[in-house]
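Good morning, and thank you for making time for this presentation.

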Amino acid sequence: MVGIVVFAYSFLSKTSEEVGKMQTEAATVDAKIQSLLASKSQLNRNSDIANKAKNIVSESKLYQYQNQIIQDLNTYADRAGIPIKSFTFQNEPAAAAVKTATPSAKQPSTNPSGTKSTFVSIQLGDSIDYTKFLHFLNLIEKNVTRMQLSGVSISRGANKHEISIQALEVKVYTR
């Protein structure tokens, strides 16, 4: 009889320990759930801030594209022997930002399916050899990342074979 009591006491003791551990674990999980619910509630209250943060994160892809575009254009300029001073990225062509008195007969261009476009204004060096500039334009038009010349404004340079670029704009297609 004593053996049965000792056995029962040992069994109840182990079971009691297991129940205590489960209660502690359940309390910890309950606290985590309450914390998550509070966080969800706070996110719902501050959804406008969450959306701004979401937009900041999605911008990183755009920066990745910009870095690739800059790298490609610098490579083409180096191959052609042309100095680049700066790049300016915009969502629409620079010419579209300036209102003109005469209406344009040009139809708005559409992007290929599944692509977006961005425009890059490129500030080149002061005096550029015309042949080198043509080579640079050829490299832009025939590249893998699908860039297209969208505008250029040039004038005669100081020497016979030199030109001065006032504006050079490239349309870049991205996904």
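First, the conventions. This is a predicted model, in which local features need pLDDT of at least 70 and side-chain atom pairs count only at pLDDT 80 or more, while totals for chains, interfaces and linings use all residues. Residues are numbered from 1 along each chain as its sequence is written, and side-chain values use heavy atoms, with hydrogens and water left out.

Let me turn to confidence. pLDDT is the predictor's confidence in each residue, from 0 to 100. The protein has a mean pLDDT of 79, and 79% of its residues reach 70 or more. Confidence is lowest in helix α3 (residues 94-97), with a mean of 52, and highest in α4, with a mean of 91. Over residues 96-107 the pLDDT is below 50, and this stretch has one contact in the model beyond near neighbours in sequence; contact here means heavy atoms within 4.5 Å. Residues 56-60 also stay under 50, and for them the model has zero contacts beyond four places in sequence.

Now the layout. The protein contains four helices and five strands, where helices (H or I, at least four residues) and strands (E, at least two) are DSSP runs numbered from the N terminus. Their order along the sequence is α-α-β-α-β-β-α-β-β. Of the 175 residues, 21% count as buried; buried means under 20% relative accessible area, exposed over 50%, and partly exposed in between, with a 1.4 Å probe and protein chains only. Among contacts between residues at least 6 apart in sequence, 71% join residues at least 24 apart.

Next, helix α4. This helix covers residues 130-141, and its 12 residues reach 17 Å from first C-alpha to last, close to the 16 Å expected at 1.5 Å a residue; the expected span is 1.5 Å times one less than the number of residues. Which residues of α4 are buried? They are Phe133, Phe136, Leu137, Leu139 and Ile140. Seen down the axis of α4, these buried residues fall within an arc of 160°, so they line one face of the helix; the arc is that of the directions from the helix axis to the C-beta atoms.

Helix α4 also contributes to the core. A nonpolar core is a set of buried Ala, Val, Leu, Ile, Met, Phe, Trp, Tyr and Cys residues joined through side-chain atoms within 4.5 Å. The largest one has 22 residues, and those with the most contacts inside it are Leu73, Ile122, Leu124, Phe133, Phe136, Met147 and Leu168. The elements that give two or more residues to this core are α2 (47-80), β2, α4 and β5 (162-174). Beyond its neighbours within four places in sequence, Met147 is in contact with residues including Leu73, Ile140 and Val170.

I close with individual residues. Is Ile82 buried or exposed? Ile82 is buried, with a relative accessible area of 4%, and is found in the loop between α2 and β1 (84-90). Ile82 and Leu124 are 42 residues apart in sequence and 7.5 Å apart in space, C-alpha to C-alpha.

Thr115 lies in the loop between α3 and β2 (116-124). Leaving aside neighbours within four places in sequence, Thr115 is in contact with Tyr173 and Thr174.
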